[in-house]
Amino acid sequence: MNRIRHNFSLYLAILIAVLLLAFSCENKTRDFKNEKYKITLASYMPSIPKEPSQNLTTKEGIILGKILFFDTKLSKNNNISCATCHNPELYFTDTLEKSNLGTTKKKLSRNTPTLINIAYAENGLFLDGGIKNLESLPAAPLQHPDEMAMDLKKLPILLQKDKSYPALFKNAFGSDNITNALIFRALAQYQRTIISPSSSNSDFNFITKWDSVQQNKATFSKLELKGQELFNKHCNSCHTAPLFSDYQFHFAHLDTITNPINKNADKNELGRQRVTENPNDYLKFKTPTLRHISKTFPYLHDGSSNLVQASTLELDLNSEEKKALLAFLECL
């Protein structure tokens, strides 16, 4: 009887220990998964839209995402990274009309948009909204034959063999089993920190004169004030401060001026219609942000316009008014 009691007590002790360990591990996993990393924003900036519950932003996730963003191993020829076309020193663009920096060196069909403040684009990504969210975004450039040309079946295997990546993924997501979903989530976390004027994780100072004015550290000149007045009258309804975009889709009047409507155009020229298949969305493109507009040239979805054309072509302005409007835009 004593032996039975002893065995039962031992069994009960082991069972309790296992349950406690399981509960402890579960709590650690739960705490790990929900460990938020707060991005510090300027007081006049709106809150960043809430990220998906399965991809809460963490310090470890951002670190991993940044490493992936700059790693050329993500391309087929080991020469192209996300930063090749979205160069931080060029305000996360490439300043080319249409990029030819990919694996084949062929020109792409559209201008490379800046990634600055991409976290605020809840209405779909790409200029026609063809990608739903940041977690889905990497699949397109990674696989595109003229961009990174990577076989997504091979990418996780490639990174799994790397000496450092399994540990980085374990730190970020609690598992060293690398998948495309986790790669995409890490890249999304990093891109959510690319905030103008700056974020707590930013390596770059994106503060402009407009920001300095909001912070009471500078004042606009008379010419810039006149430009602001013209901007508020003609441009503000779509390019609304402080993001200087409403991230909505509008008929691209400027595109019809620089490139007349061509009903037989490539599908990438259809605008929002490419996604919705609605004829009413023909030539509608997402309002681009004017943040750092003087640095993110050229403009329009096909890169066919310079700053003077993009800002004043449709407006009936005299030379002084054009000069004033451009002076204000350069403050953004």
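Predicted model: local features only at pLDDT ≥ 70, side-chain atom pairs only at ≥ 80, totals over all residues.
The chain has 332 residues, and 43% of them are buried. Its secondary structure comes to 13 helices and 2 strands. If you take contacts between residues at least 6 apart in sequence, 64% of them join residues at least 24 apart.

I'll start with two helices, α2 and α7. Their axes come within 7 Å of each other and cross at roughly 100°. That angle makes α2 roughly perpendicular to α7. On the α2 side, the contact is made by G61, I62, L64, G65, K66, L68 and F69. On the α7 side you will find I183, A186, L187, Q189 and Y190. Sorted by class, the residues in this contact are 8 nonpolar, 3 polar and 1 charged.

Two of those residues also bring us to the aromatics. The structure holds 13 aromatic pairs, and one of them is F69 with Y190. A ring pair is described by the distance of the centres and the angle of the planes. For F69 and Y190, the centres are 5.2 Å apart and the planes stand at 55°, so this pair is tilted. F69 belongs to helix α2, residues 59-69, and Y190 to helix α7, residues 180-191, so the pair ties together parts 121 residues apart in sequence. Both F69 and Y190 are buried.

The second pair I picked is W210 with F244. Here the ring centres are 5.1 Å apart and the planes are at 85°, so the pair is edge-to-face. W210 sits in helix α8, residues 209-214, while F244 is in the loop between α9 (222-234) and β1 (249-251), so the pair ties together parts that are 34 residues apart in sequence. W210 has 6% relative accessibility and counts as buried. F244 is buried as well, with a relative accessible area of 1%. Both rings belong to a cluster that ring pairs build from Y44, W210, F220, F231, F244 and F328.

Next, helix α6, which covers residues 165-173. Which residues of α6 are buried? They are Y165, P166, L168, F169, A172 and F173. In general, an α-helix has 3.6 residues a turn, so residues three or four places apart point the same way. Looking down the axis of α6, the buried residues fall within an arc of 160°, so they line one face of the helix. After α6 comes G174, with a positive phi near 80°.

The bond from S196 to P197 is cis, with omega near 15°, and P197 is in the loop between α7 and α8. The bond from A241 to P242 is also cis, with omega near 5°.

Lastly, two residues other than glycine have positive phi. N117 has a phi of about 65°, and F126 has one near 75°. N117 is in the loop between α3 (82-85) and α4 (139-143), and F126 lies in the loop between α3 and α4 too. Are these residues buried or exposed? N117, at 0% relative accessibility, counts as buried. F126, at 32%, counts as partly exposed.

That is the end of my list.

Technical notes
Residues numbered from 1 in each chain as written. Heavy atoms only, no water. Phe/Tyr/Trp six-rings, centres within 6.5 Å; stacked < 30°, edge-to-face > 60°. Helix = DSSP H or I, 4+ residues; strand = E, 2+ residues; numbered from the N terminus. Buried < 20%, exposed > 50% of the residue type's maximum accessible area, 1.4 Å probe, protein only. Arc of directions from axis to C-beta. Axes fitted to C-alpha atoms, helices over the stretch in contact; angles between N-to-C directions. Parallel < 35°, antiparallel > 145°, perpendicular 65-115°, else oblique. Contact = heavy atoms within 4.5 Å. Nonpolar A, V, L, I, M, F, W, Y, C, P; charged D, E, K, R; others polar.
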